[in-house]
Amino acid sequence: MHDVVVAGGGPAGLAVALGCARAGLDVVVCEKRRGVIDKACGEGLMPGAVRALAALGVDPAGHVIEGITYRQGSSVAHATFSDGLGRGVRRTALHDALRAAVDQHAVPVLPTPVTEIDQRADHVRAGELRARYLVAADGLHSPIRAMVGLNANGRVGTPRWGLRRHFAMRPFSDSVEVTWARHSEAYVTPVSADTIGVAVLSSVRGGFADQLTAFPELAARLADAQPVSGVRGAGPLRQRASGRVAGRVLLVGDAAGYIDALTGEGLAVALAAGAELVRCLRADRPGDYERAWATTSRRSRWLTSGLLWARNRPALARRIVPVAARAPGLFTFAVDQLAR
């Protein structure tokens, strides 16, 4: 019998598996997708995420990010990180780095989905595997979250979706550049010396080219740029969970519940929560994880929820960037809260 089975081989799952292995736990990962796993995301790692990866011995290649810039018409707000640098990293490069570290610690990664769960007093059976604990890191629309009854019902607000594509282009700057439009935001992230990632978050459905029409200046800059990846999408982004622990099953990453990618620190929160999860399992105190998750994610949840609330109110939404531009100290403070 294993100590831990991790369902899901994305960054959150691999980070938990790596943390478990480094803590001396017998862990196995179940991931039905073969090869490198990609995902539609902004790919900007906040300084806190870079530090969390370093604590796991992981140092993915990428491009330095020194801050965040918001743009809307003539209004521009910029904040430089006060405590370290971020990094723009292709999701595929991040997966490679995490998978290499997991392999180095001899953690098995099995091409087997977890489709059945049977909880007992002292263990949980995940398909043919038995373990003291099962960690669900199976993504935004987590099947395991539903299986163990942790899906929360009720209204989740205006649905939003994300699209992302890469272009062969020298980065505009060493910041993540966020341009605001009426129903959407475009994120430009430098991921190498000659490649940028462009992600669009929107409450209006449409293809990538259609979404870019809301950002004429960005579209003009990309007009002659060569795409170097296909378009990937994700959503609806808002997913609610009624809890993070159901017996011997614990949720981490997007499976634990997700608000929005608006503030861009989802991976930092997933890594921090994953480290707390490993600590709870090592102490054989899974019930402590719910409070640890709430404490770890509180700042992000409050800031993201507040900004998204304003974003969904047109009269307030059009004032967000102008106010940030007029109050650079406040904007820097908010960015630093997210960058931790």
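Modeller: In what follows, Ala, Val, Leu, Ile, Met, Phe, Trp, Tyr, Cys and Pro count as nonpolar, Asp, Glu, Lys and Arg as charged, and the others, Gly among them, as polar. The model is predicted, so local features need pLDDT of at least 70 and side-chain atom pairs pLDDT 80 or more, while totals for chains, interfaces and linings use all residues. Residues are numbered from 1 along each chain, and side-chain values use heavy atoms, without hydrogens and water.

Colleague: How many charged residues are in the lining of the second largest pocket?

Modeller: The lining holds 25 residues, with Gly257, Tyr258, Ile259, Trp293 and Arg301 nearest the pocket centre. By class, 9 are nonpolar and 9 polar, and the charged ones number 7.

Colleague: How many salt bridges does the count come to?

Modeller: The rule asks for a side-chain nitrogen of Lys or Arg within 4 Å of a carboxyl oxygen of Asp or Glu. Arginine 33 and glutamate 31 meet it at 2.8 Å, N to O. By this rule the count comes to 18.

Colleague: Is glutamate 31 buried or exposed?

Modeller: Buried means under 20% relative accessible area, exposed over 50%, and partly exposed in between (1.4 Å probe, protein chains only). Arginine 33, at 44%, is partly exposed. Glutamate 31 has 8% relative accessibility, so the residue counts as buried.

Conventions
On a 1 Å grid over the protein atoms alone, a cavity is a set of points where a 1.4 Å probe fits but cannot get out, and a pocket is an open set with protein on both sides within 12 Å along at least five of seven lines; lining residues have an atom within 4 Å of a point.
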